[in-house]
Amino acid sequence: MNLEDIIKETKTYYCLECGKCTSLCPVSRYNSNFSPRFMLERALMGFGDELIHDRELFSCLACYACSNLCPSDVDYPVFTQKVRNLASGEGEHGDCAHSGILFSLMRLMSRSDIRQKRLDWLDGCHTSEKSEVLYFAGCAPYFEPVFEDIEVSPVNIARNSIKVLNALGIEPMVLPNERCCGHDLLWTGDVETFKKLAQFNAQMIKESGAKKIVFSCPEGYRTFKIDYPQYVELDCELMHITELLAQNLSSLSFRAKRSNPEVKRVTYHDPCRLGRHLGIYEPPREIIRAIPEIKLTEMEHSGDESICCGTSAWTNCSSYSKQIRVERLHEAKATGAEALVTACPKCQIHFKCAMVDKGTEKCTNIEMKVMDIVTLVADALGDKSSE
Amino acid sequence: MNNSVLVIGGGIAGIQASLDLANMGFKVYLVEKSPSIGGRMAQLDKTFPTNDCAMCILAPKMIEANSHPNIELLTYSEVEKVSGEAGKVKVKVKKKASFVDWSKCTGCSECAKVCPVELNSEFDENLGKRKAIYIPFPQAIPNKYTIDKRSYPPCRVACPAGVNAQGYVALISQGKFKEALEVIRRTMPFAGVCGRVCTHPCEQDCERGQFDEPVAIRNLKRFVADYELRVGREKAVPVERTKEGKVAIIGSGPAGLACAYDLIKEGYAVTVFEALPQAGGLLRYGIPEYRLPKEIVDNDVSYIQELGVEIKINTPVKDLGEIFNQGYKAIFLGAGCQESMKLDIPNEEAKGVVYALDFLKRANSGVKIDLGNQVAVIGGGSVAIDCARVALRLGSKRVHLVCLESRDLTSKDRMLAQDLEIKEAEEEGLIIHPSLGPKRILTENGKVASLETRVCTSVRDEQGKFAPRFAEGPVTTIEADTIIVATGQKPSTVVFKEIEKSPMQTIKVDPITLYTNIDGVFAGGDVVSGPADVIAAITAGKEAAISIDRYLRGINMKEGRPETLKRVKEVSKAGVRPKARHSMPTLELGKRKGFDEVDLGFDEKTAVEEAQRCLNCAVCSECRECEKVCEANAIDYEMQDEYVELNVGAIILASGLGLYDISPLTEYGYGKIKNVITAMEFERLTAASGPTMGELKRSSDGRIPENIAFIQCVGSRDFRNKIYCSSVCCMHATKEAMLAFEHHPGTKSTIFYMDMRAVGKRFQEYIARAKKEYNVTYIRGRPGRIEVNHENDNPIIWHEETTSGEIKSFETELVVLAQAMVPQITKDLAKILGIELDEDGFVKAPDKLLQPLDTTRQGIFACGYVHSPRDIPDSVTQASGAAGRAAEAIAGGK
Ligand SMILES: Cc1cc2nc3c(=O)[nH]c(=O)nc-3n(C[C@H](O)[C@H](O)[C@H](O)COP(=O)(O)OP(=O)(O)OC[C@H]3O[C@@H](n4cnc5c(N)ncnc54)[C@H](O)[C@@H]3O)c2cc1C
Ligand code: SF4
Ligand code: SF4
Ligand code: SF4
Ligand code: SF4
Ligand code: SF4
Ligand code: SF4
């Protein structure tokens, strides 16, 4: 796909250069070198080369704050995604966080001959070898050691997800040789490796006989739902765990006493992939409202106006990212909530990182519990196996 | 070929087209759906590019259209049907009822001054108020008033007797208490009584209850009755006898007196026969004084007497024939239920067993009664509660109430008494034993000692019929010196043998006419229904009065009776702020020993405030105050919609523009963020005739803003909303920025635009002048979001200055949004006219280049905003063009 095609596909032709996107972009608000409108303008004006070699090409978070309200319906995030592919062909790439370890893991998983040991965390969970329902664990087992120091346990989210499914009477399959969904590779321009991962996953899932896949990670969900169909065939019903829970709230019996009774008021942060990408705003809120003795208070920006957690695809994480997070945490704090609940492990990682890494003055004074929605639910259901 | 033309829409385009055609000698019918012609231009303060006063230019045209001999104005009218073909078109037009006879109305405005109903003025974009009887704006043409009346309010529809609650509540809200009482008495004479003891079905249905809590309608009614007693009532003027035929009423309860009241007002001679020494029936001898003091009954009854109703007390009627012999032509039987039901359990005849009606009658007549220390009342309805509360007041130490029903007031088997009276009785010390049935009475020396009961498991069956079921179980025995049986009443068995009755002794009547099996005899109230309530009895009396009038005049009693009132469909709650219902102050518990009234009544301030909670559901409340002051006698509440058939040769559609709903564009916060307004609201605020007399003030603090921002293309040029350019907003924003400066020199305006559409003659110069002379800055960039500075309620606009690429936040004092405009034509109207619309909803031309003003149907032409986004000069040009096309079509066919 060349720039011309990208312009067509993303309706960039219709751009009025009005700047609404830039004024809504969380990155542009702090990083004056980045403007989605200006990126598009260069594509339209024939400065493709300049665009491809611009370092800021990798600054977009694909958060959809811009395109969500663009009067011309231009799809800026997809424009970025495709142009990054062109750029990567010319050797360009963004600044990789965490010394590149996460990308190395993704690329490792694209090899056919690897043998993973990714299911050690399953104790206390009921899974089955054959089931119509598959739980997609994604990269959680790999994130675990990397983010130990900031006290994020993605595996715990996975474990709680299965416990909550168990509470609904579902004993899902979990695949021992599942691969990363490829989201981060796709969004940083490495379409080739992405395709490989997609093919592995599609093949394995087909063989497993699963009819429905449940995700607790919004990125995996978005990737399977929107991106996979363009590359692989997979005929399964896809659901985010919050959708499944919201549909079955009446079959859950919450305990009178939760294991974390100090959390009484929470606020909910919409992950961009779940919210603006897929339009899922209500199910998580329905779930929170259903938990006894928990009050949900909304932040100044919520729902489709929600603000991104500041980094995506482990790329171009910068002081601007930090500023975005700190702003968001202040908003959360201002609600008077004891905990910021989200539905994406990466959001949690990014918020916790901002609190641990006390760089700028403004953030040193923020202390806020950050937790995943399935953990909140699991706590309220009680751990049957430990009783 | 017909020589006349129909023009739809009385905006500037419609007026111009009409005048052109009329001047050419054609007959023009100008149909306008609102009460005045003028359209959007009338709402504007000034017009670009000349900055002339919009009304100064428009008014002469409106007047000319009104006085032109060839133009017939049909305002407050809509086209319902179009048939035939070009040249010979038949049009059916609905002239909506204005409830004012425009041939008489002089436009004096006296009516609006007294009208108690106020609502948001559409013309002022809801920033100002108008009355239910109104003209949209002072220069309206025709200068005739219209009553905005929308069916009937829920309260009035719910009231079985049709008492006009909205009417009197509206008047109370304006402090017009005497007039409010008049409204009640228009329907029935029992303001004082019903204001206390009515079961108020009106409140159950009150629309305000859908919002927070129902209006305290009953307490308000009581307030005006009390007010009259306090200030003193002038004696009522006797009604003149105008009709033949004397009517006899048997029984002076609410049914009988309501019937007597309606008949005397109809002009009949009416006599009421009452067996007891005083009039009022159960109002006097049943309901205890702590709920309904005697002087209240006296007042309502004497009012009826003063009108000319004769009440013969101590006159029991034994024989109906005798009454007819005395020359009465019709009889209404409202004898009520006088006999208490028996329990049919062992030892019922023992000393100490009394029956509710006898007991209450004695108590209400002041006879001394000794009940002993312990009393057991049997029954779960209002009568039982009344007996219990009287027993408490007579000094019994322990009063028990035993009933089959459940104390759970949400259950199907709930007690029949009202929630509040149960609560109050319990507060006063009543001990309730629910779900128990009496089994037998135990005696000592022939005197009551205690009551033995059994457990009742279910009172009513699936169909809701009374069918109690009992269980074996522990026997509860309640000690008692007196047992009061309050398990129901029935009509007296002995009298009027010739009348057909049910096994329960109630009289059988025709359900509509209340006619009995005997010629000339009607019956209603408890004697027909069995024990019910006051308002039901009043309703029956009123229905019978209608029948009796018809009977005496010899017309059909069934056909043509007044129809049931239609409930208003939708009630706007926009802008209503929550306000709790005022509760009734009550007598302190400790003071409830004697028979002093428990409810104390509202004071004036509370009453007015409570009345102001009313939503005025039907808009016009039919209080009839306007009718009183209209010297021209123009008010006509009975007016109906009227249909006229027109024959025309051509039609011009000029229905203009509507404003696009921009509340879904949440990024700009319209409707949520203070100090964010629409351009049309701005026009009304700067117009000298507007709601603020031309003072441009912020809603948050009433300050005059010195720094104003305009955001362009709000909803226009937007794939998610309206994709087209609304075409006039760039210019009107520039004009409005200039106006702000003229109103308050020095004001700085900033206009956020995408492209300035300055395509008209000298428009570019206009913009240059704005920059140079009026302190207007233009910034290219479409803002993404408006946030708020909570300290001063200033909106903050986030935008990218696309010329420099900088993102900025811009704090300002007032934001004016250039709201998108839409063609004002419904799919229905397009269908009626048989024309096609384009994808944006504008009228479609068969050939945009060569027949731009034609529609897809021959003989129908279009101009103005409904045709395409147009400013005034263009609309006028088009109008003349359309007039020319229409004239050509007619003349060509000659
Ligand atoms: C905020 C604002 C400011 C503006 N400022 C300017 C300005 O300064 N200068 C300028 O040139 N233009 C201005 N305009 C534009 C101007 O108002 C329009 O160009 C003009 O009013 C169009 O005239 P019209 O007769 O086509 O429609 P309208 O003025 O909308 O009149 C249409 C009439 O038809 C009636 N009608 C609708 N449907 C029916 C029906 N079914 N049956 C019967 N009657 C019906 C309506 O009640 C109305 O009376 C402004 C517009 C706005 C919103
Ligand atoms: S908001 Fe849309 S139309 Fe406006 S500049 Fe951005 S991409 Fe272009
Ligand atoms: S997707 Fe988000 S980060 Fe990327 S340009 Fe749009 S608003 Fe900015
Ligand atoms: S009082 Fe009568 S004449 Fe005067 S404006 Fe009202 S309706 Fe018209
Ligand atoms: S009847 Fe009363 S409410 Fe109705 S228009 Fe007249 S004064 Fe107003
Ligand atoms: S709000 Fe007023 S008009 Fe409406 S039902 Fe209640 S009392 Fe009647
Ligand atoms: S006239 Fe101006 S403000 Fe209005 S829609 Fe067109 S460009 Fe936007």
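Tutor: A residue counts as near a molecule or strand if one of its heavy atoms lies within 4 Å of it. The model above is predicted, so local features need pLDDT of at least 70 and side-chain atom pairs count only at pLDDT 80 or more, while totals for chains, interfaces and linings use all residues. Residues are numbered from 1 along each chain as its sequence is written, chains are lettered from A and ligands numbered from 1 in the order in which they are written, and side-chain values use heavy atoms, with hydrogens and water left out.

Student: Of the 36 residues around ligand 1, which come nearest?

Tutor: There are 36 residues around this ligand. Five names from chain B stand out as coming nearest: Glu32(B), Arg40(B), Lys735(B), Arg870(B) and Ile872(B).

Student: How far is an oxygen atom of ligand 1 from an N or O atom in the side chain of Lys735(B)?

Tutor: A polar contact is a pair of N or O atoms within 3.5 Å; within protein, one must be able to donate a hydrogen and the other to accept it, and residues adjacent in sequence count only if both atoms are side-chain atoms. Backbone atoms take part too: a nitrogen atom of ligand 1 is 3.2 Å from a polar backbone atom of Lys33(B), and an oxygen atom is 3.0 Å from one of Leu657(B). For the side chain of Lys735(B), the distance from a ligand oxygen is 2.6 Å.

Student: How much of the area that ligand 1 exposes when taken alone does the protein bury?

Tutor: Accessible areas come from the Shrake-Rupley method with a 1.4 Å probe; for residues, only the protein chains shown count as cover. Taken alone, ligand 1 exposes 1000 Å². The share that the protein buries is 96%.

Student: From which domains of chain B does the shell around ligand 1 draw at least three residues each?

Tutor: Domain bounds come from an automatic or database domain assignment. One of these domains, 4-95 + 644-656 + 824-891, is built from separate stretches of chain B, and the other spans 661-821. They are domain 1 and domain 6.

Student: With which side chain does the side chain of Asn721(B) make a polar contact?

Tutor: Contact in general means heavy atoms within 4.5 Å. Not counting residues up to four places away in sequence, Asn721(B) touches Tyr660(B), Leu665(B) and Gly715(B). The polar contact, at 2.8 Å, is with Tyr660(B).

Student: Which are the edge strands of the open sheet of 4 strands in chain A?

Tutor: Helices (H or I, at least four residues) and strands (E, at least two) are DSSP runs, numbered from the N terminus, and two strands pair if DSSP finds at least two bridges between them. The order here is E5-E4-E6-E7, with parallel pairing; for example, 3 bridges join E4 to E6. The strands that pair on one side only are E5 and E7.
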